[in-house]
Amino acid sequence: MRRLTVLSLIALAPLLSASVAEAQREPVYTRADTLRGSNGPARSWWDVTFYDLHVKVSPRDSSIAGYNGITYRVLRPHNELQFDLQVPLVVDSVVQSGRSLKYRRDGNAFFVALTDPQAAGSTRTITVYYHGKPVPAARPPWDGGLIWRQDSLKNTWVSTANQGIGSSIWWPNKDIDTEEPDSQRIAITVPNPMINVSNGRLRSTTPNADGTTTYEWFVTSPINSYGISINAGNYAHFQDTYQGEKGTLTLDFYPLAYHLDVARRHWQEVKPMIACFEKWYGPYPWYEDGYKLVESPHLGMEHQSAVAYGNQFRMGYSGRDLSGTGHGLKWDFITIHESAHEWWANNVTAADRADMWLHESFANYSEAIYTECQEGKKAGAEYVIGSRRSINNDEPIIPAFGVNAEGSGDMYPKGGSMLHAIRTIINDDEKWRNILRGIQSTFARRTVPGMEVRKYISDKAGIDFSHVFEQYLETTMVPVFEYRIANGRMTYRWTSAVRGFDMPVDVQLGDAAGWTRIQPTTQWKNMAVTIPDTGEVKVSPDYYVAVMKQPY
């Protein structure tokens, strides 16, 4: 009879149920999914260079109105341009060179018939005027959209969080992950006495005759569209600076006014966090735009240079330790996780939503890195291992490409465990640190396919991790270390694994001290051992695997 370790039972139980569910579930993608998620003919011929966004926010009737000037570089001539704006928002007009253009709507996509010459290499602008009442976010940030709330003093509080569902839920743009402007203006008009905080730096504050104020922010760096944000409320503001790898970094904090004192105390962990991440990943990517932490009416989101914070000044994740180790209650999850996205999501950005592991696996791993910076390497490893209790193995981390699909939530703890295992295999912390910093510098301010990052890690490590990535990102299978012991020899292999899976692991043979590294494959191997037939083999918990002893 097969004998399973406790680790095996924990790992395989969700896998067995998931395999049945997967057999019954086939994703169905629509034309709308393809229009949103693929770089189709009306998108691929132009590259956005600048967005000039102006939006008036009206909390009284939950409506917005405004325009976006879309400046683009023509890659090759074409006479139809696709931009995106989600129902029920309404386009009032589309203008180029002072002339209104004809357009047609296909769901959330608009196709504009251009009349001006679109010469390759030229730069052109269209301006989209629009208005409406966007669908409110019922459960932000997960379902996404515009958030209309009141703070505890009944002051109006408005925010945005739209990763996944897309920025076109509240403003018109080229809503595809591959597209980032080189810079952007964000001019938001709100009723007095509200204050709006958006990305980049505040350029001007303009009082208007109708009892509103326009706050003009400017981002000088490339930025993903879902990172553009509105945060409008009764804010206080305090400042600090951090002397980092690229000089003086400005730190700006925007808590609700009645949280000013607690925010001053609670957000002191920002400096050690930036020090930790700069050590491991390289310079904070947006010195020119600064770092901001902005209190929000939702849990949090990685809005570039204006990180949204809604953890209510508690340690852990809403007061809980997701790892169950105690380490996660020594720091604020939202501050650490969402700020890690400044490197992993905002600086290095997945070119397709299917590769969101580039954002979330590395941000999850960053939680362990911060724990390590604070408490040592052992504590960081314990955090990773404890976080596995959230893994479901319900579906692959990477889904279909080109249809705006998002994979399993396992991209967080399972992806983080995968990265921890890769570091363990490399067994050289300085090399691993240089790889992480190298990813940040090589792919800086770019949208990148996940395959390029996978190849980069293997190339720089000098170890082929292609099967490791395939196993953990593209399947729900937990690799099983299967072994037998008889007459002084151990026979072993990987099962429940992709073809060619050959991940090295560290094992403890019986009561022997220390760990021995072996490299199983999907074919049986054998080696001499000094443990009895009844002896047990342990696999280091640094690897997310199951263990199964087979009788001869």
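## The largest pocket

Helix H6 gives the largest share of the lining of the largest pocket, namely 4 residues. The model is predicted, so to speak of local features a pLDDT of at least 70 is needed, side-chain atom pairs count only at pLDDT 80 or more, and totals for chains, interfaces and linings use all residues. Residues are numbered from 1 along each chain as its sequence is written, and side-chain values use heavy atoms, with hydrogens and water left out.

The volume of the largest pocket is about 820 Å³. Its lining comprises 36 residues, and the closest to the centre are Trp142, Tyr317, Glu360, Gly409 and Tyr412. Two or more lining residues come from each of strand E20 (300–301), helix H6 (333–340), helix H7 (357–375) and helix H8 (377–387). Helices (H or I, at least four residues) and strands (E, at least two) are DSSP runs, numbered from the N terminus. By class, 13 nonpolar, 12 polar and 11 charged residues line the largest pocket. Here Ala, Val, Leu, Ile, Met, Phe, Trp, Tyr, Cys and Pro count as nonpolar, Asp, Glu, Lys and Arg as charged, and the others, Gly among them, as polar.

Pockets and cavities are found on a 1 Å grid over the protein atoms alone: a cavity is a set of points where a 1.4 Å probe fits but cannot get out, a pocket is an open set with protein on both sides within 12 Å along at least five of seven lines, and lining residues have an atom within 4 Å of a point. Grid points are joined across faces, edges and corners, and a volume is the space filled by probe spheres set on the points.

## Cavities

There are 2 cavities of 30 Å³ or more. The largest cavity has a volume of about 170 Å³. Of its 18 lining residues, Arg36, Gln163, Gly164, Asp177 and Tyr226 are the closest to the centre. The lining of the largest cavity divides into 4 nonpolar, 8 polar and 6 charged residues.

The second largest cavity holds about 40 Å³ of space. Among the residues that line it are Tyr365, Glu372, Lys377, His420 and Arg423. H7, H8 and helix H9 (413–426) each give two or more residues to this lining.

## A buried aspartate

Asp252 belongs to strand E18 (residues 247–254). Asp252 is buried (under 20% relative accessible area, where exposed is over 50% and partly exposed is in between; 1.4 Å probe, protein chains only).

The side chain of Asp252 makes polar contacts with the side chains of His237, at 2.7 Å, and Gln239, at 3.0 Å. A polar contact is a pair of N or O atoms within 3.5 Å; within protein, one must be able to donate a hydrogen and the other to accept it, and residues adjacent in sequence count only if both atoms are side-chain atoms.

## Backbone features

A cis peptide bond, with omega about 10°, joins Val87 and Pro88. Another cis bond runs from Pro140 to Pro141, with omega near 5°.

Gln312, not a glycine, has a positive phi of about 60°, and Gln312 is exposed at 54% relative accessibility.

Definitions and conventions: Lys and Arg count as positive and Asp and Glu as negative; His and the chain ends are not counted. A salt bridge is a side-chain nitrogen of Lys or Arg within 4 Å of a carboxyl oxygen of Asp or Glu.
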